[in-house]
Amino acid sequence: MKTAIITGADGDMGKQHTIALATAGYNIVMACYCQQDGEKTCQEIKHLTHNDQIQVIELDLSSFDKIKLFVEKVKQTFNHVDILLNNAGTLPSKPMVSANGYELTIAVNYLGHFLLTELLSPLFVS
């Protein structure tokens with residue numbers, strides 16, 4: 001079975017991507033900032049698509065340590081990744097700094113996805 005990871009899978013666009021890939025029969029990892037919100041959306045998508053091969057793993061793209069933890073969880077469960085959809089993003093209304101000292105928008109939208117992609121790359125199927 002093909003495996004897809006979607007960041008921000010519980011948001012508007014991420015949910016639509018998740019529905020499309022679930023309908024196509026993919027095994028999906030919903031990488032969500034809030035586990036509880038992700039689980040709620042996951043149950044909706046499972047019911048809608050009749051695909052039970054969907055799970056939520058919490059991911060905070062603003063923290064390099066939490067990205068590494070996410071990747072370790074993925075590697076414990078999957079031996080390959082067919083699709084990585086870097087969908088998550090943020091645009092805070094006031095300046096904020098990530099746990100690693102970067103402006104939050106840059107940390108989440110660019111640096112976090114770069115590190116995630118780099119760490120998952122050994123699992124990519126060619």
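Modeller: A disulfide is a pair of cysteine sulfur atoms within 2.5 Å. This is a predicted model, in which local features need pLDDT of at least 70 and side-chain atom pairs count only at pLDDT 80 or more, while totals for chains, interfaces and linings use all residues. Residues are numbered from 1 along each chain as its sequence is written, and side-chain values use heavy atoms, with hydrogens and water left out.

Searching the whole structure gives zero disulfides. For C32, the closest cysteine sulfur is that of C42, and at 8.3 Å it is too far for a bond. C34 is in no disulfide either, since the nearest cysteine sulfur, in C32, is 8.5 Å away. C32 is buried at 0% relative accessibility, whereas C34 is partly exposed at 26% (buried means under 20% relative accessible area, exposed over 50%, partly exposed in between, with a 1.4 Å probe and protein chains only).

Strand 2 covers residues 27-32 and includes N27; strands are DSSP runs of E, at least two residues, numbered from the N terminus. N27 is buried, with 12% relative accessibility. Leaving aside neighbours within four places in sequence, N27 is in contact with M1, K2, T3, A4, Q53 and F78, contact meaning heavy atoms within 4.5 Å.

How values were computed. Helix = DSSP H or I, 4+ residues; strand = E, 2+ residues; numbered from the N terminus.
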